[in-house]
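Please look through the sequence and the model shown here before reading on.

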Amino acid sequence: MKLSVSPAPHLRTSDSVRKIMLDVIIALLPASVASIFIFGLHALVLILVCVIGSVLTELFIMKLLRGKKEFKPDGSATVTGLLLALNLSVAVSWWQALIGVIVAIGIAKHVFGGLGRNFWNPALIGRVFMLISFPVAMTTWYSPFDLQTTATPLAIIKEGSGTLPPVKDMFLGTISGSIGETSALLLILGFIYLVLRGRIKLTVPITYIGTVAVMSGIFYLIDPAFGIPIYHILGGGLMLGALFMATDMVTSPMTKKGQFIFGLGCGVITMIIRYFGGYPEGVSYSIIIMNSFVPLIDMVTKPKIFGEVKSSA
Amino acid sequence: MLVKTLTFKGGVHPPDNKRFSENAGITVAPLPEKVYLFLDNHAGVTAKPLVKEGDKVKTGQKIAEAGGFISADLHSSITGTVESIEKNYHPTLQKPRDAIVIKREPEEEWQYLEPAKSYKDFEKDQLVKRIKDAGIVGLGGAMFPTNVKLSPPEDKKINLLIINGAECEPYLTIDYRMMLEFSGEIVKGTLAIKRALDIENIVIAIENNKPEAIKKMKEACRGTGIKIEALKTKYPQGAEKQLIYAISKRKVPSGGLPMDVGAVVQNVGTAYAIYEAVEKGKPLVERGLSITGEGIYKPINVIARIGTMANELIDIAGGLKEEEVDRVIFGGPMMGIAVPRTNIPIIKGTSGITIMSKEATRATERETMPCIRCGSCVDACPMFLLPFQLNLYADNRLYDKAVEEGLLDCIECGSCSYACPANIDLVKSFKLAKKVYKAMKGGAKR
């Protein structure tokens, strides 16, 4: 009989990285499925291209370029692909989306060492790359169901002309915008699933959305032209960004205090871009900017070790 | 009224798996034919042998003496002849160490410590001396010489004694059974420690998954002034620093000892051994331990002589389920050490032998993935370290940096490894890094 001499502890959780990724995918499913009903089959094409494209890109890099013959997809590429797809307008064509995921996986993730080593959310880097490369397709928005070119609620606020959709539509998601970002209801539903599964801590979403609410409230009181707060909360990519992108474990701070600072920063930068920037929307940039600060935030919010005493030296 | 259960921050909730042996009453193992008594049967300096090959020894006779201040005497655990002093595989140091091998003779003859009388008739210093002469060390597993703990320097005022009955390690049930079956003896041992320390404030701490033990100890303590506190069932509730914090909210300073906050912690098994040494005159030659797990036919709690081969105890427990066994562990599953074979002698700190099945250890075989910074290890660490970060430093051999970030504060409880969804062997990396660091600083003793 051969006895194993593996190191302690000999009991371990049965949880795994794959299970975490699977939970995120499950949480994004309601919004993904709804996007097909709202924006038509092209939404499905974008989702499939992004997911399959990112998994294949990762397999190519891991197996051929990095020589990891044993590598099996861990679900993280699927999450990145799905998130990027949900961040696109149906005006984007399949090959543009494909280039986006290749950049997301190939550059934003694997140049830095792959899973767990990237500084920035890969899906957001892919999106920003596309925003720069395909500015027209990336900022052309279609109305739900009849797919007419139309402005997003945030663009209407920014331009100061046009009619805002009813708040109910903003909540349900029958408005123009990226395919997966429009329905606050379904995103919150998926998010609740993640919270119940213990996958996500509430600090980042609450501070992020809270900051947006407070700032938009103050600015609205100063001048109603800045837009009604509820439109800032439900409009654009805030829900998708705050619930699913800013909470990415790899690229957000480790401690509660750090997550608070991170969420606050995301909120402030988002609103500054929305009010004063060239774009009507700033969620992607704000998260990427705050991602860059994570090592610094982690450093200053390091928990005090149990029994630590200030050195008198 | 809602009573807040005492606990610490951090930790994990592994399955407690006490069911295998919790109802097995304590039995006494038959005397072994041979015992193997390591000169390292305690933490600290190796003991010096007092016997040579061919010497006749009695049970309880001193056969090796403390090699320094932090060291302990060793006594023969059977009556017989010294066969040799030879290297044997040490279960916790995990390398060959010198052991005195004694072959048993049919008639057992004891050599007791004199005089054996009620603890009340001992003076303070006599009690500490008796505990030293009996070779008593911390039986929870750390094997720190008990007399040293009971002799704090002048400037350390001790005002809290905690008797540790938490038994937070899954599977192990010996402390539980001792509390059920020897509550009176444990209380007397506790009162002996109280007298030795000359203090008033005494707490026996028990996790609340052992209501029977709490009840039994409460009855036994009636009228003694000893308090029984129920602790939240959480691992590592019985770790010294976490236990002191749970009971008193005192934080042992980084790099410091419990005495720095006026506390002394002793295991319930140690309290029992102290009772035996004081009132029965028995040196520490035997201890209770659990032989338990899915991989054994008849899990037991047994009192065995120190130096008995583990396989003999395993046979008493019905033997191994050969098909199912994955590993044999000295200690419990969280901090215990998996040994390569079963003919390894038990030592004073062996609180149990856990035999785990392949099914039970399957999660340890999960694929190791990259760290995704999920924070599970940070939430689990009872010392508030950042295990994932320490692991990066250790992996990159940045030992100084790791120490700066608290490596030496790690209590090696294994909560981080338990909680890691990527199955990274965090605590193993820290144990290794500590050894390397100490070796590089020239502080390595072994």
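What follows moves from the contact between the chains to strands, a helix residue and salt bridges.

This is a predicted model, in which local features need pLDDT of at least 70 and side-chain atom pairs count only at pLDDT 80 or more, while totals for chains, interfaces and linings use all residues. Residues are numbered from 1 along each chain as its sequence is written, chains are lettered from A and ligands numbered from 1 in the order in which they are written, and side-chain values use heavy atoms, with hydrogens and water left out.

Where chain A and chain B are in contact, meaning heavy atoms within 4.5 Å, 40 residues come from chain A and 67 residues from chain B. The two chains bury about 4,200 Å² between them, and 65% of that area is on carbon and sulfur atoms; buried area here is the accessible area (1.4 Å probe) that two parts lose on being put together, summed over both. Between chain A and chain B, 18 residue pairs are in polar contact, with both residues at pLDDT 80 or more. A polar contact is a pair of N or O atoms within 3.5 Å, where within protein one must be able to donate a hydrogen and the other to accept it, and where residues adjacent in sequence count only if both atoms are side-chain atoms.

On the side of chain A that touches chain B, the elements that give two or more residues are helix H1 (17-39) and helix H14 (283-300) of chain A, and H1(A) gives the most, with four residues. Helices (H or I, at least four residues) and strands (E, at least two) are DSSP runs, numbered from the N terminus. The residues on this side of chain A divide into 20 nonpolar, nine polar and 11 charged, where Ala, Val, Leu, Ile, Met, Phe, Trp, Tyr, Cys and Pro count as nonpolar, Asp, Glu, Lys and Arg as charged, and the others, Gly among them, as polar.

Five salt bridges are found across the interface of chain A and chain B, a salt bridge being a side-chain nitrogen of Lys or Arg within 4 Å of a carboxyl oxygen of Asp or Glu. The side chains of B:Arg373 and A:Asp298 meet in a salt bridge, at 3.0 Å from N to O.

Within chain B, strand E10 (residues 202-207) is mostly covered, with six of its six residues buried. Buried means under 20% relative accessible area, exposed over 50%, and partly exposed in between (1.4 Å probe, protein chains only). On one side of E10(B) lie B:Ile202, B:Ile204 and B:Ile206, on the other B:Val203, B:Ala205 and B:Glu207, and all are buried. Strand E9 (residues 160-165) of chain B pairs with E10(B) in the parallel sense over five bridges, and two strands pair if DSSP finds at least two bridges between them. In this pairing B:Leu161 stands opposite B:Ile202. E10(B) is also joined by five bridges to strand E11 (residues 227-231) of chain B, running parallel, with B:Ile204 opposite B:Ile228.

Another part of chain B holds an open sheet of three strands in the order E3-E5-E6, with antiparallel pairing. Strand E3 (48-49) and strand E6 (74-75) of chain B stand at the edges, each with a single partner strand, so one side of each is left without a neighbour in the sheet. Strand E5 (residues 62-65) of chain B pairs with E6(B) over two bridges, and B:Lys62 stands opposite B:His75.

In chain A, A:Ile52 lies in helix H2 (residues 41-65) and is partly exposed at 48% relative accessibility.

Over all chains the structure holds 35 salt bridges. The side chains of B:Lys87 and B:Asp98 meet in one of them, at 3.4 Å from N to O; B:Lys87 lies in strand E7 (residues 80-89) and B:Asp98 in strand E8 (residues 96-104) of chain B, so the pair ties together parts that are 11 residues apart in sequence. B:Lys87 is exposed at 54%, whereas B:Asp98 is partly exposed at 30%. B:Glu286 and B:Lys282 form another salt bridge, their closest N and O atoms being 3.1 Å apart, and here B:Glu286 is buried at 16% and B:Lys282 is buried at 15%.
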